[in-house]
Amino acid sequence: MTDDVPRPPWKMDWTVEALQEFESMPEDGKQLVLAARAELITALDPYYRGIDADSSLPHWITVRPLASTSPGGPHMADLAGGRGWLIFTFIRRHADPQITVTDAFWA
C-alpha cells in the first residue's frame, strides 16, 4: 500500500432501492443517469468543483448539497432541469473512497 492520495475514477455503489429505481427507468432516463455517473466517478471531487461549481459539467447536470447546512453530506445531481436526479454521498475513506447512490428518480 502506498501513501498516495486516492484519485478517480471512484467506485460507485447503489442502495437496493436506488438500483431498483434505476432499473425501472425508461431508456432515455437510464442513459442520462449513466452519463451523470461517468461525470461523478471521474471528478477530482464529486462535491466541490471550485468557484464556478458546474462549469466542467454538461449543461444538463448540476450538483449541489442536499441541505445547505450540510455541505459535506449527501448531494443531489439534478438531471435535465429537474426531470430526474441522483442523491449520493461521497465517502472520503483514505484507502477506498466511494460514491454511494441512495436515491434515483426519473419523471
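Predicted model: local features only at pLDDT ≥ 70, side-chain atom pairs only at ≥ 80, totals over all residues.
User: In which sense do β3 and β4 pair, and over how many bridges?

Analyst: Strand β3 (residues 75–79) and strand β4 (residues 84–91) are antiparallel partners, paired over 5 bridges, and M76 stands opposite I87 in β4. The two strands form a hairpin with 4 residues between them, and in that turn A80 has a positive phi of about 55°. Strand β4 also pairs with β5 in the antiparallel sense, over 8 bridges, where F90 has I99 of β5 as its bridge partner.

User: How do I read the nonpolar core, and which residues touch the most other members?

Analyst: As a general idea, nonpolar side chains in soluble globular proteins tend to be buried together. In this structure the largest nonpolar core has 24 residues, of which W14, L79, L86, F88 and I99 touch the most other members. Two or more residues come from each of β1, α1, α2, β2, β3, β4 and β5. To follow one member, take L79: leaving aside its neighbours within four places in sequence, L79 is in contact with V33, A36, W60, I61, G84, W85 and W106.

User: How many aromatic pairs are there, and what describes such a pair?

Analyst: A pair of aromatic rings is described by the distance of the centres and the angle of the planes. The count here comes to 5 aromatic pairs. One of them joins Y47 and F88, with 5.9 Å from centre to centre and 45° between the planes, and is tilted. This pair links distant parts of the chain, since Y47 sits in the loop between α2 and β2 while F88 belongs to strand β4, 41 residues apart. Both Y47 and F88 are buried.

User: Why does the pair of W85 and F105 count as stacked?

Analyst: The ring centres of W85 and F105 are 4.3 Å apart and the planes meet at 25°, so the pair is stacked, because planes under 30 degrees apart count as stacked. Here too distant parts of the chain are linked, with W85 in strand β4 and F105 in strand β5, 20 residues apart.

User: Are W85 and F105 buried, partly exposed or exposed?

Analyst: W85 has a relative accessible area of 24% and is partly exposed, and F105, at 29% relative accessibility, also counts as partly exposed.

User: Which residues do ring pairs link into a cluster?

Analyst: The cluster linked by ring pairs consists of W10, Y47, F88 and F90.

Note on methods
Residues numbered from 1 in each chain as written. Heavy atoms only, no water. Pairing = 2+ DSSP bridges. Core = buried A, V, L, I, M, F, W, Y, C linked by side-chain atoms within 4.5 Å. Buried < 20%, exposed > 50% of the residue type's maximum accessible area, 1.4 Å probe, protein only. Contact = heavy atoms within 4.5 Å. Phe/Tyr/Trp six-rings, centres within 6.5 Å; stacked < 30°, edge-to-face > 60°.
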